[in-house]
Amino acid sequence: MKQTATFISTYSADTFGVCSALFELGGMVVMHDPSGCNSTYTTHDEPRWFDMDSQIYISGLTEMDAILGNDQRLIKDITETALLQKPAFICIVASQIPALIGCDLQAAARMVEKNTGIRTFCLPTNSMHYYALGVYLALEAMAKLIIKDYPRSAAATGKHKRINVLGLTPLDFSVNGCDKSICGWLEENGFSVISRWAMGSTLEELQDSHQADVNLVVSYGGLGAARVMEKEWGIPYVVGIPFGGMKKRLLQRLEPSCQEPSSICAYLPSTTTPHDSSLENRVLLIGESVFSCSLAAALEEEYRRPVQVICPVETEEALLRPGDMRATDETELEPLFSDASVLIADPLYRPICPSNVKFIELPHEGFSGRLYRKYIPNLMESFHDLKIDE
Amino acid sequence: MLQKIHGQPSRAVVKLRDASCPAPFPHTLEYSSPARGTWNIVHTGMLLPESHQIYICAAGCLRGVVLTAAEMGAMHRFSALEFREKDMVNTDNETFIIEGITTILHRLPKLPRAVLVFTACVHHFLGCNLRYVYDTLHRRFPKVEFAECIMDPIRQTQGITPEERERREIYRLLKKAPLDEKSINTIGSNLPLDKDCDLMKLLASFGFSLHDLTGCQSYEEFQAMAKSRLNLYWNPFTHLAAKDLKERLGQEFLYLPQCYDSESILRQLRQIATTLSIPLPDFQAKQQAASDALREAQEILGATPIAIDLSFTFRPFNLARVLCQYGFRVVQVFSDVVSREDEEDFRWLQEHHGDIDLIATKNADMRLFNRASREKLLALGQKAAYFNDTPYFVNLIEGGGLWGFHGLCRLTRLMVEAFHTPKDMRSLIQQKGLGGPCCL
């Protein structure tokens, strides 16, 4: 039966994706929720919580407030706290019950903005989607917010091409330096990184994004912001992560798009045929779409073996390669795993991996949280340690 | 970027003399500190041997409980049914739960003896017919017991909390049995009682056998708790379970709130002796030993400031009072509420030590709390340690299984040890469910 998870974990939720994406930007995120969301997010999904202050709170919704539609308490609590703590912006997200009762968070956001003078918005989360959508919504909203105030700059004239990196969160990249490695690689190749959405950049740096010539989208979560910037500022984007052989491909795509705007997905094959599901020695890779497809493309090039991606969280078909697929539920995944010879996945998938299938652990913070954090490799630096043939 | 704002929080700190009772702080947005040692409903449920837990809720709610199980290394005892958006309108949720649990139980390598089923807030709001659900499950799985738990924090301020309900439902699995005059339970605690404590020794000396869920290795051993004549408890989430056991099984109960003052300890020992119709031994030597231990510890700690938090004990004000009476310099109590049991001690402290800072732990302003310690501070509890950024702390939760005069002696030893030996606060406090299994 679908939606059952007898043995495996669940992915981080949309609300937590929002918090993760906005964490470093000096804003306030309020999860409209009774209890538990905040400790879950800050325990399992937020490695920055101990060292870096961020205004992430829950509203403490009660049954009576929910039934009586008492949104005034939410508005009052946010207003009072915001006036004291002076966040750069306020984002309100709903968990399941506010979504169920149709809580008008847009109205609440307008009231808070009126009361505080601080830009306030809400996002259509409900705790019933996964983090990838939350990251997408949050970064897209930030892009829309910033675009209101900042016009497009003149085209690049200097030696260094200017670039934004979109879609960085610990939920996909952990805190193992992968984000820095990506930016370091860009700089080594003549790019000047204007902003990192949203690990390692301030809101002010994000506000400089209009100066970029191209955007690099490193997760589905960054795609919404990329589209906004393309539409409003005319900045093209390239999707992909420079793992292994993807480095060369990405550079090829990034170069022309700096001069001739056309947004593309760098890991999409230009000549290869779709995966044949009957292929023997098939390698399965399960994870976020852009991360996994980039890694799969790099592995295929390295090992000359087909690597099929299964994306269990939100994405778009356009971000998947021919033959890749979307599946989330344990009962859908099990038969797929049975047909593979190698499975690359988070360790919490191991219980449903058949014993005759080689299991390669690739911990993913969005799935197993902090449990295997210390084992999450920075694949920008250690791609060649991921050996599927041995 | 908002890096470490060191502003004085305005709403989260109040001098004890100015604090109101039982709710010293106004409601506002809530913050979650990185101290994670307290137990949640997953940890407590795992105490039941040969049981399995199934949660039916949205991804956001599932996330915390599934990863609790994973961090305990207990994923083989945990399953979930994920409630999705379409299930709010297009799903017969009774059927969804029944068929989902059926699928899960059929997929397990072996049927568990008991299943703790956790429905959620959403089922309450949707008016899900849980009676029908459980009746059907009982018919389908006659050899499996179902504990009807609910993870519904939305109702916890006005109704039964998930922790209270879970305890009641676990002990509801006990089947009526003839009562054994020489058998006694301690119920509701997450942590085992110190084997050398006054209570254990008293009961053992009169030939009573003591049973506790924390020590049960099998479901049969758990069921043996049904034979006990008396339930003792100090965890305040256990009232409902105790009353239910009295009604169903005829087991008497004694609520023995945690306490650190001699008078209360002696009163509780007398209560136990009277209930069991046994003579009360002379505890004067033990009382003196505890008093001496407190004095000696005070001499060592001198004027070292001490902070106590509500995760360390259910009675932070009682502990603060005792420490103050022995000359310790208590400067902070971290507690969002004042419990009924603690009110008298709270009032005493207001009158005699009104300068103590009463500090909230969940108030949003705690995000801005200045954690930089100005002098060496001893913290009793993880939250007090975190908020003071001190490596000198006693790492216990919920009283740590300490009890009576012997418990006081151990506590003082732990305080002195913590005063002399710094700990890795950062890593210790971030582990969930202190005292339980942890794979981190």
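Strands are DSSP runs of E with at least two residues, helices are runs of H or I with at least four, and both are numbered from the N terminus.

Housekeeping: this is a predicted model, where local features need pLDDT of at least 70, side-chain atom pairs count only at pLDDT 80 or more, and totals for chains, interfaces and linings use all residues. Residues are numbered from 1 along each chain as its sequence is written, and chains are lettered from A and ligands numbered from 1 in the order in which they are written.

**Entry 1: the sheet**

I started with strand β2 (residues 51-57) of chain B and found five bridges joining it to β3(B), with the two running parallel. Within that pair, B:I56 sits opposite B:L81 of β3(B). I then looked up B:L81 from the other chain: it is the bridge partner of A:T4. Two bridges join β1(A) to β3 (residues 78-82) of chain B, and this pair is antiparallel.

Tracing the whole thing, I get an open sheet of five strands, ordered β1(A)-β3(B)-β2(B)-β4(B)-β5(B), with mixed pairing.

**Entry 2**

For the angles, axes are lines fitted to C-alpha atoms (for helices, over the stretch in contact), and values run from 0 to 180 degrees between N-to-C directions. Helix α5 (residues 130-140) of chain B lies across β4 and β5 of chain B, at about 155° to β5(B).

I count two residues as in contact if their C-beta atoms, placed from the backbone, lie within 7 Å. How many residues does each chain put in? The contact takes 60 from chain A and 57 from chain B. On the chain A side, the elements giving at least two residues each include β1 (4-5), α2 (37-45) and α4 (72-85). α2(A) gives the most, with seven residues.

I sorted that side by class: 25 nonpolar, 30 polar and five charged residues. Here Ala, Val, Leu, Ile, Met, Phe, Trp, Tyr, Cys and Pro are nonpolar, Asp, Glu, Lys and Arg are charged, and the others, Gly among them, are polar.

Terms used: Two strands pair if DSSP finds at least two bridges between them.
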